[in-house]
Amino acid sequence: RLCRPRLSGGGRAGNAALDAAKGRYCGLLDDDDELYPNHLETLLPLLENSPDTPAAFALADIIYGTRKEAPRPAPSFWTLRTRNLMPIQAVLFRRSLFTAHGGLAEDLDHFEDWELWLRYASRGGAFVHAPSVTSFYRTPSDTRAYHRRVLTAQRYYPVVQARVKDYVFKGEGQGLAALAPRAALKERLLRSYYFFGLLRLQ
């Protein structure tokens, strides 16, 4: 069951959809993102063939306005604790996770999906990763709207990081890979670019 969580009330709409879902597997999809035709056929077998696997995710194209970037490599859970690197639509998970550990944090107006993946990972074990690209994540094409999103993200990073700092992960993030050195450098450069871009807007 696919749903759009970012309506009035933050994660409330997503939780209502998850609560009403009857299927074994669930996914979340924002209205400006898109699943490719191979999304479900790539992720479903990973869950159906591994009864103990709680969730699966695939890589995603990142589209900044009209410019497409190469898919980000799969993060380790240790990287994921400090950076939100898994687009919301890239994950397919068992509904039993929602039943056992709850849904999107309704007191968060941003990064509620990031907190959800970390909570599920800490309580249900590691996600399995498919190296295929099965969706794309879009950011605003308007420069000012994009930087407003970045500014909001910077405010919410410490909020979520404080919430997840005591989460204990099992299996050491098996099925995921640490960021390659070049990818890690790119992330640091992008953060610097965001910072200077925000200064210019003020």
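**Close-up views of a predicted model**

From the N terminus on, the elements of the chain run β-α-β-β-α-β-β-α-β-α-α-β-α-α. This is a predicted model, so please read each legend below as a description of that prediction.

**View 1. The whole chain holds 7 helices and 7 strands.** Start here to get your bearings. The chain has 202 residues, and 49% of them count as buried. The views that follow visit some of these buried places.

**View 2. The largest nonpolar core brings together 33 residues.** Look for Val91, Phe93, Trp117, Tyr120 and Phe127, which have the most contacts inside this core. Several elements give two or more residues to the core: strand 2 (25-28), strand 4 (55-64), strand 6, helix 4 (95-101), helix 5 and helix 6. Helix 5 gives the most, with 6 residues. Some of the residues named here come back in the next views.

**View 3. Phe93, Trp117 and Tyr120 are linked into a cluster by ring pairs.** The count for the structure comes to 6 aromatic pairs. In one of them, Phe93 and Tyr120 form a tilted pair, with 5.6 Å from centre to centre and 55° between the planes. This pair links distant parts of the chain, as Phe93 sits in strand 6 (residues 91-94) and Tyr120 in helix 5 (residues 112-124), 27 residues apart. Both partners are tucked away from the surface: Phe93 is buried because its relative accessible area is 0%, and Tyr120 counts as buried because its relative accessibility is 0%.

**View 4. Trp114 and Tyr157 form an edge-to-face aromatic pair.** Their ring centres are 5.2 Å apart, and the angle between the planes is 75°. Why edge-to-face? An angle over 60 degrees between the planes counts as edge-to-face. Trp114 lies in helix 5 and Tyr157 in helix 6 (residues 143-164), so this pair ties together parts that are 43 residues apart in sequence. Trp114 is buried, with a relative accessible area of 0%. Tyr157 has a relative accessible area of 9% and therefore is buried too, as the cut-off is under 20%.

**View 5. Leu97 belongs to helix 4.** Here we return to Tyr120 from another side of its surroundings. Leu97 and Tyr120 are 23 residues apart in sequence, and their C-alpha atoms are 6.8 Å apart in space. Is Leu97 buried or exposed? Leu97 counts as buried because its relative accessibility is 6%, and the cut-off for buried is under 20%.

**View 6. The structure holds 1 cavity of 30 Å³ or more.** Rolling a probe the size of a water molecule over the atoms shows where empty space is left. About 80 Å³ of space lies in the largest cavity. Which residues lie nearest the centre of this cavity? They are Leu59, Ala60, Arg72, Leu85 and Pro87, out of 13 residues that line the largest cavity. The lining divides into 12 nonpolar residues, no polar ones and 1 charged.

**View 7. Helix 1 (residues 12-20) has Gly14, Asn15 and Leu18 as its buried residues.**

Notes
Residues numbered from 1 in each chain as written. Predicted model: local features only at pLDDT ≥ 70, side-chain atom pairs only at ≥ 80, totals over all residues. Heavy atoms only, no water. Phe/Tyr/Trp six-rings, centres within 6.5 Å; stacked < 30°, edge-to-face > 60°. Helix = DSSP H or I, 4+ residues; strand = E, 2+ residues; numbered from the N terminus. Buried < 20%, exposed > 50% of the residue type's maximum accessible area, 1.4 Å probe, protein only. 1 Å grid on protein atoms, 1.4 Å probe; cavity = no way out; pocket = protein on both sides within 12 Å on 5 of 7 lines; lining within 4 Å. Points joined across faces, edges and corners; volume = space filled by probe spheres on them. Nonpolar A, V, L, I, M, F, W, Y, C, P; charged D, E, K, R; others polar. Core = buried A, V, L, I, M, F, W, Y, C linked by side-chain atoms within 4.5 Å.
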